[in-house]
Amino acid sequence: MVVLINEHIQSAEEMWGMVFKKVPNVIFVGSQTAGADGNKTSIKLTDGNILIFSGLGIYYPDGDETQRIGIKPDIVVRPTVQSIRNKEDLLLWKAFDLIDKKK
């Protein structure tokens, strides 16, 4: 199984990513996720502003922290200016390449 990730992945998607990390032979392709997982805790301040922070510690199955760090890909692939101009999905191509090699 190949899981595509990038910096836009956060919250519940990161939690699912950690679940998939426990599955044997799963490969993560792309770029590091946002590291924005856990619940949101809000405190209304006396001046009317609201302070929002994560009220839970979220960790990889091996105990490493994920907040502000995110899920690290096994294979780093990022779009280039050229691939965006040509409407080429480099992450998807890499995933297909990895799947073809496993056949």
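In what order do the 3 strands of the open sheet stand? The order is β1-β2-β5, and the pairing is parallel. This is a predicted model, in which local features need pLDDT of at least 70, side-chain atom pairs count only at pLDDT 80 or more, and totals for chains, interfaces and linings use all residues. Residues are numbered from 1 along each chain as its sequence is written, and side-chain values use heavy atoms, with hydrogens and water left out.

**Terms for strands and helices**

- Helices (H or I, at least four residues) and strands (E, at least two) are DSSP runs, numbered from the N terminus.
- Two strands pair if DSSP finds at least two bridges between them.

**The open sheet**

- The edge strands are β1 (2–5) and β5 (75–76), each pairing on one side only.
- Helix α3 (residues 90–102) packs on the sheet and touches β1, β2 and β5. Contact means heavy atoms within 4.5 Å.
- The direction of α3 makes about 165 degrees with that of β1. Axes are lines fitted to C-alpha atoms, for helices over the stretch in contact, and angles run from 0 to 180 degrees between N-to-C directions.
- β1 pairs with β2 (residues 27–30) in the parallel sense, over 4 bridges.
- I5 has G30 in β2 as its bridge partner.

**The hairpin**

- β3 pairs with β4 (residues 50–54) in the antiparallel sense, over 5 bridges.
- I43 has L51 in β4 as its bridge partner.
- The hairpin of β3 and β4 has 5 residues between the strands. In this hairpin, G48 takes a positive phi near 95 degrees.

**D37, a buried charge**

- D37 lies in the loop between β2 and β3 (40–44).
- D37 is buried yet has no salt bridge. Buried means under 20% relative accessible area, exposed over 50%, and partly exposed in between (1.4 Å probe, protein chains only).
- The nearest side chain of opposite charge is R68, 8.2 Å away. Lys and Arg count as positive and Asp and Glu as negative; His and the chain ends are not counted.
- Beyond four places in sequence, the contacts of D37 include S11, E14 and M18.

**E7, in another loop**

- E7 sits in the loop between β1 and α1 (12–21).
- E7 counts as partly exposed because its relative accessibility is 46%.
- The side chains of E7 and S31 join in a polar contact of 2.8 Å.
- E7 and I71 are 64 residues apart in sequence, and 9.4 Å apart in space, C-alpha to C-alpha.

**Salt bridges**

- The structure holds 4 salt bridges. Each is a side-chain nitrogen of Lys or Arg within 4 Å of a carboxyl oxygen of Asp or Glu.
- D74 bridges to K21, with the closest N and O atoms 3.6 Å apart. This pair links distant parts of the chain: D74 is in the loop between β4 and β5, K21 is in helix α1, and they are 53 residues apart.
- D97 meets K94 at 4.0 Å, N to O, and K101 at 3.4 Å.
- Salt bridges that share partners join K94, D97 and K101 into one network.
- K101 is exposed because its relative accessible area is 61%.

Key:
Polar contact = N/O pair within 3.5 Å; in protein donor to acceptor, adjacent residues only side chain to side chain.
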